[in-house]
Amino acid sequence: MLRLGLCCLFQQAPIKFRSTTATYLKKLDRPGQLARVSQLCLDNSNTLVTALDEVHQLGFGSFRVMSPLFPIFTHPQVGYQLDELPHAAQIRANLATVKLRKEQYGLRLSFHPDQFTLLSSPRPEVTAASLQELTYQAQLAEMIGADVINIHGGGVYGDKAAALLRLEQQITALPEPIRSRLTLENDDISYTVADLLPLCTKLSIPLVYDAHHHRCNPDGLSIADATEACVQTWRQVGREPYFHISSPKYGWQNKPRPHADFIDSADFPAEWLTLNATVDVEAKAKELAILRLQQDLLLPAWKAQGEADD
DNA sequence: GCATGTCAAGTTGTG
DNA sequence: CACAACTTGACATGC
């Protein structure tokens, strides 16, 4: 059965995650900074419980957790550790509740670090910052039971083979909590499915297949080929395949990269419909887009195993 | 109150 | 060469 996943935010449901800026925190003394971020982390951990309830209620099977759940956690000047926070115990308790809900509802949880997190850069400081961010997200993933931390290949730097080699070396050296969750996704500019596949196969790193990126940045593989290749990388680690779908905001003609509010069901690969897989829906109308897609594709609401049928 | 400019980070391609 | 595009919204500030 296919499960559709919501990415980070809601459009209609009144569920909002809080944030702050480094500029603001720098005006406070250290205890002031910690008091501020502690409150934000506490609020966000409560909101995450609510978010899972809502995702379940809506009949979705997956949720992508926003990277700044703990705002500005890895910032070099104003970053912090969970145990420095006055509300650390309550925050941990809330995240344990999230994990419990995830299991009750049969949900899948994931992380998608943003474009600053990449393992192919020739610059050591970029790689070091990326490792910091991955360490943070793996720590969260461990606490809430998320099985995926998904990143892109990063930059090419004029030599894709050399960049891929750096990527391979960095992945090989990752600590287990990151390595066991790390996935690679084809992007819309640099790395295609065909580029990433050899590395994914060699290192047993699953490949997240984004059909929209594939259409923006083709590699000669058909959608059916890329789907099959992706499924293989998940099968080799005994886990459920993972896809991304979105529709272009301005049509496929000029600049197809920006995402539309909703998904045109014609863009949804028919090959996916019969699989047991997760599909993150990247659409600006968020849960409204998933509900509409569910209807358009005649997909049933997601249910945990053993959950009553009404 | 409400409008508005600003927000940590990397890389690529555009204008 | 600067700037937008990448999941974009929410915060802090100043009127």
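L298 is exposed, with a relative accessible area of 75% (buried means under 20% relative accessible area, exposed over 50%, and partly exposed in between, with a 1.4 Å probe and protein chains only). L298 belongs to the segment after α10 (286-296), and its phi is near 60°, a positive value in a residue other than glycine. The model is a predicted one, in which local features need pLDDT of at least 70, side-chain atom pairs count only at pLDDT 80 or more, and totals for chains, interfaces and linings use all residues. Residues are numbered from 1 along each chain as its sequence is written, chains are lettered from A and ligands numbered from 1 in the order in which they are written, and side-chain values use heavy atoms, with hydrogens and water left out.

A positive phi near 60° is also found at I72, again a residue other than glycine. I72 sits in the loop between β2 (62-65) and α3 and is partly exposed, at a relative accessible area of 23%. Helices (H or I, at least four residues) and strands (E, at least two) are DSSP runs, numbered from the N terminus.

## Helix α2 against helix α3

Helix α2 (residues 30-58) and helix α3 (residues 88-105) have axes that come within 9 Å and cross at roughly 10°; the two helices are therefore roughly parallel to each other. Axes are lines fitted to C-alpha atoms, for helices over the stretch in contact, and angles run from 0 to 180 degrees between N-to-C directions. Angles under 35 degrees count as roughly parallel, over 145 as roughly antiparallel, 65 to 115 as roughly perpendicular and the rest as oblique.

The contact (heavy atoms within 4.5 Å) involves, among others, L42, V49 and L52 of α2 together with I91, L95 and V98 of α3. Its residues comprise nine nonpolar, seven polar and three charged. Here Ala, Val, Leu, Ile, Met, Phe, Trp, Tyr, Cys and Pro count as nonpolar, Asp, Glu, Lys and Arg as charged, and the others, Gly among them, as polar. T97 is found in helix α3 and is partly exposed, with a relative accessible area of 25%. T97 and V49 are separated by 48 residues in sequence and by 7.0 Å in space, C-alpha to C-alpha.

## Helix α3 against helix α4

The axes of α3 and helix α4 (residues 124-144) come within 7 Å and cross at roughly 60°, which makes α3 oblique to α4. From α3 the contact draws on R92, L95, V98, K99 and K102, and from α4 on L140, E142, M143 and I144. By class, these residues divide into five nonpolar, no polar and four charged.

## Pockets

The largest pocket holds about 850 Å³ of space. On a 1 Å grid over the protein atoms alone, a pocket is an open set of points where a 1.4 Å probe fits, with protein on both sides within 12 Å along at least five of seven lines, and lining residues have an atom within 4 Å of a point. Its lining consists of 30 residues, of which H112, P113, D114, Q115 and H152 lie nearest its centre. Nine of the lining residues are nonpolar, eleven polar and ten charged.

The second largest pocket contains about 550 Å³ and is lined by 20 residues, with T74, H75, D114, F116 and E133 nearest its centre. This lining has ten nonpolar, eight polar and two charged residues.

Key. Grid points are joined across faces, edges and corners, and a volume is the space filled by probe spheres set on the points.
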